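Hi,

Here is the model I promised to send over. Have a look at it first, and then read on for my notes.

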Number of protein chains: 2
Amino acid sequence: MSAIKERRERERAQRHQLIITEARELAEAEGWEAVTTRRLAERVEYSQPVLYSHFSGKDAIVSAVAIDGFGELAAHLRCARLADPEPRQALHAVCRAYLEFATERPALYQAMFVMPTDVKFAHAETPPQLRAAFDEFVSCLRPDNARRELFAEVIWSTLHGMAVLSDSGRIPPDGQEERLDFVVTQLADTPS
Amino acid sequence: MSAIKERRERERAQRHQLIITEARELAEAEGWEAVTTRRLAERVEYSQPVLYSHFSGKDAIVSAVAIDGFGELAAHLRCARLADPEPRQALHAVCRAYLEFATERPALYQAMFVMPTDVKFAHAETPPQLRAAFDEFVSCLRPDNARRELFAEVIWSTLHGMAVLSDSGRIPPDGQEERLDFVVTQLADTPS
DNA sequence: GCAGGATGTCTAGCGTTGCTAGAGTGTCGT
DNA sequence: ACGACACTCTAGCAACGCTAGACATCCTGC
């Protein structure tokens, strides 16, 4: 009674993840407007209703993709931070890594930070991956700064604004590196 | 042959504007997802196809709302800037006015800066209202600063990030004023 | 070994969306 | 008065997210 059920649950979990990765790949390839339940079901090689046996709806699939993305972002930022232990350089590296992440995976980034979501931010039920990503910014700041969180929120806002305005063609994408230098130079020194 | 045609064109222009304002009001009241061509047509008291005799599609209506918004934003920012002629204070005031605008008209703001658009930014065909709004930021910066444009882009990115992350509940909306103070303090002094 | 129940999947379809073709109406210039 | 034109509406298409109910498949208890 046990082994078979285990196999089934394993297969089910695999399919669960397959839905997420196929949704993400389709979104990265053709944008989220191309991710319809029909097309997604076809890629997964099941019919539409199975999607709803795994997720409450399309929004939940997008959220699942986003949460995967939070984990990857946290790892990406952490990697950048640890590569350059000097705090000032570290902040610069983390910020650059953030922008890299956003430009290289625009659809994933949208799912995480643009599309409407019911994922809780800065809250008790915040997914730990998300908190981890945010903390990478905080870790670059002097521990004795009482306003680190606020500082980190502002940096994040700036990077997010740059990422999203550049992605939608509202500011020229070329200037990103120069803007980044400017931001870090201007913000890096923690106020007394 | 003339007076009648003129009346018709006048009425048509009125209806054109009516579509835009009704779309905007409906969006402000219930969000853009509630703005369907059917509901909009009902509010305008015409059938759906007349919408398409004025606009190429729903996107074009959103764009028209956005362009109206650019004009209002420019006026709002200009008003804030002129109220406080000292440059440092002026920047602060303009930034605060920007955030005010975003929080008080969230749907309009979304049409302008979040929803996909084919309006050209930083381009020869950029609507003058949009350029005017951007220039309000530039005007707060020292004219001898060769990198004013870049500076303004960064400020705009920061404010946009704050506005949009706060609107979607990704950063706590309470801290906006404090974050604003921090940003202006940190960025206001033009680098040499 | 085999019925019976539970589990899982699919087909078919509902209501809504953006958008459009073609019919119908009314108005205008001659 | 009438033909031509400009305009608006009804009706419908394809695609959307989502779901009910039929069907098949597999495990369980006798």
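**What I found**

Let me start with a helix pair: α4(A) and α5(A) run roughly antiparallel to each other. Bear in mind throughout that this is a predicted model. The angle behind that description is about 150°, and the two axes lie 8 Å apart, with α4 covering residues 58–83 of chain A and α5 covering residues 87–104. The crossing of α4(A) past α5(A) is right-handed. If you want to look at the contact itself, α4(A) brings A:Leu73, A:His76, A:Leu77, A:Ala80, A:Arg81 and A:Ala83, and these meet A:Ala90, A:Ala93, A:Val94, A:Ala97, A:Tyr98 and A:Phe101 in α5(A). Sorted by class, that contact has 10 nonpolar residues, 1 polar and 1 charged.

**Chain A as a whole**

Stepping back, chain A has 9 helices and 0 strands, so its pattern along the sequence reads α-α-α-α-α-α-α-α-α. Its C-alpha atoms fill a box of roughly 65 × 40 × 25 Å along the principal axes. The chain has 192 residues, and 35% of them count as buried. As for sequence range, take the contacts in chain A between residues at least 6 apart: 61% of these join residues at least 24 apart.

Helix α6 of chain A (residues 106–113) is worth a click. It is mostly covered, and 8 of its 8 residues are buried. Those residues are A:Pro106, A:Ala107, A:Leu108, A:Tyr109, A:Gln110, A:Ala111, A:Met112 and A:Phe113.

Why does A:Asn145 count as partly exposed? Because it has 14 C-beta neighbours inside 10 Å, and a residue would need 20 or more to be buried, or 12 or fewer to be exposed. From A:Asn145 to A:Trp156 is 11 residues along the chain, and their C-alpha atoms are 17 Å apart.

**Where the chains meet**

The contact between the chains takes 25 residues from chain B and 25 residues from chain A. On the chain B side, the elements that give two or more residues are α8 (148–167) and α9 (176–187) of chain B. Of these, α8(B) gives the most, with 9 residues. By class, the side of chain B that touches chain A has 13 nonpolar, 8 polar and 4 charged residues.

The two α8 helices also touch each other directly. The axes of α8(A) and α8(B) come within 7 Å and cross at roughly 100°, which makes α8(A) roughly perpendicular to α8(B). From α8(A), the residues in this contact are A:Val154, A:Ser157, A:Thr158, A:His160, A:Gly161, A:Met162 and A:Leu165, and they meet B:Val154, B:Ser157, B:Thr158, B:His160, B:Gly161, B:Met162 and B:Leu165 in α8(B). The contact of α8(A) with α8(B) divides into 6 nonpolar and 8 polar residues, with no charged ones.

**One more helix pair, in chain B**

Last item: helix α4 (residues 58–83) and helix α6 (residues 106–113) of chain B pack at an angle of about 105°, and their axes are 8 Å apart. That makes α4(B) roughly perpendicular to α6(B). Here B:Val62, B:Val65, B:Ala66, B:Gly69 and B:Phe70 in α4(B) meet B:Leu108, B:Ala111 and B:Met112 in α6(B). This contact of α4(B) with α6(B) has 7 nonpolar residues, 1 polar and no charged.

Cheers

How values were computed
Residues are numbered from 1 along each chain as its sequence is written. Chains are lettered from A and ligands numbered from 1 in the order in which they are written. This is a predicted model: local features need pLDDT of at least 70, side-chain atom pairs count only at pLDDT 80 or more; totals for chains, interfaces and linings use all residues. Helices (H or I, at least four residues) and strands (E, at least two) are DSSP runs, numbered from the N terminus. Two residues are in contact if their C-beta atoms, placed from the backbone, lie within 7 Å. Ala, Val, Leu, Ile, Met, Phe, Trp, Tyr, Cys and Pro count as nonpolar, Asp, Glu, Lys and Arg as charged, and the others, Gly among them, as polar. Axes are lines fitted to C-alpha atoms, for helices over the stretch in contact, and angles run from 0 to 180 degrees between N-to-C directions. Angles under 35 degrees count as roughly parallel, over 145 as roughly antiparallel, 65 to 115 as roughly perpendicular and the rest as oblique. A crossing is left-handed if the near helix is turned anticlockwise from the far one by less than a right angle, and right-handed if clockwise.
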